[in-house]
Amino acid sequence: MPLEITMTPLDYLLILEGMILLGAGAFWAAGEIFGRGNPKDELRRVMNAFWREFVRPTQMQVLPGLLGEAAAADELSTDSPASNKKSGKRKGGTADPARATATLSVKVVAGAGPDRIVGRTAEGVQIEVTCAPEGGQANKIVNDLLSAALGVPGYHIKLVRGHYDLRKTLQVSGMTSSQVDEKLANLI
C-alpha cells in the first residue's frame, strides 16, 4: 500500500521560502568568496545588507495596523511600562544603571597613527587604529579603547553592526546615551 502525502498551500509556501533563503545564502557565500579582498564589492555589500536587515533585524518594529492604533500608541509611548523597561527608565523617570543601554556610532580609520579616539563626527565617534581590519583585530582595539575611555568592562560593549565594515554600531550597557556623551566629551 503506497503512502499518500497531502500538502497544503502553507506547506508549498514554506518550501518556497526555504528555497529563496537557500538561494540568498548561495549568493551571500559567492559574495563572501569573490569579494573577500574588496569590502566595496557590490554583491557582497548587498547580500550582507540583506542578511543583516531582512533575515535577522536587530530591532523589532511595531506595525500600527496589526496591533490597532491604541495598542501601537501605547507601545510607542515613552510613558508605558514596556518602553520604560526597554529604555532602562525607572518609574520616576531616572535611568536604571543596570538596564541602561546607549547606542554609539563609530567610524574606524584603519592603518592610521596610534590607537586613539580622535573625536566626534557628524555620524558619531572617529577612532584610529594602527592594525589592518583583518581577523577582528581592529574590532578588539575599538572595544578596548572605548572600554578604557568610558570606564566600563569590555563585555559591556557589544558590536551590533559593522563587524566587517569601517562604520560600526555599538551598544554600551550600564550607561545612558547622555553619560556616554559626557564621558567622551571629557576625553576629547
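## About the model

This is a predicted model, in which local features need pLDDT of at least 70, side-chain atom pairs count only at pLDDT 80 or more, and totals for chains, interfaces and linings use all residues. Residues are numbered from 1 along each chain as its sequence is written, and side-chain values use heavy atoms, with hydrogens and water left out.

## Helix α6

Helices (H or I, at least four residues) and strands (E, at least two) are DSSP runs, numbered from the N terminus. Helix α6 covers residues 137-150, and its 14 residues reach 20 Å from first C-alpha to last, close to the 20 Å expected at 1.5 Å a residue; the expected span is 1.5 Å times one less than the number of residues.

Of the 14 residues in α6, 10 are buried, where buried means under 20% relative accessible area, exposed over 50%, and partly exposed in between (1.4 Å probe, protein chains only). Among the buried ones are Ile-141, Val-142, Leu-145 and Ala-149. The buried residues of α6 pack against β1, β2, β3, β4 (157-161), β5 (167-173) and α7 (177-187).

Two strands count as paired if DSSP finds at least two bridges between them. β3 pairs with β1 (residues 101-110) in the parallel sense over 5 bridges, and Gln-126 is the bridge partner of Lys-107. With β2 (residues 116-120), β3 runs antiparallel, joined by 4 bridges, and Ile-127 stands opposite Ile-117. The hairpin of β2 and β3 has 4 residues between the strands, and Gly-124 there takes a positive phi near 160°.

What is Leu-187 in contact with, leaving aside its neighbours within four places in sequence? Its contacts (heavy atoms within 4.5 Å) are with Ile-117 and Ala-149. Leu-187 lies in helix α7 and is partly exposed, with a relative accessible area of 45%. Leu-187 and Ala-149 are 38 residues apart in sequence, and their C-alpha atoms are 7.1 Å apart in space.
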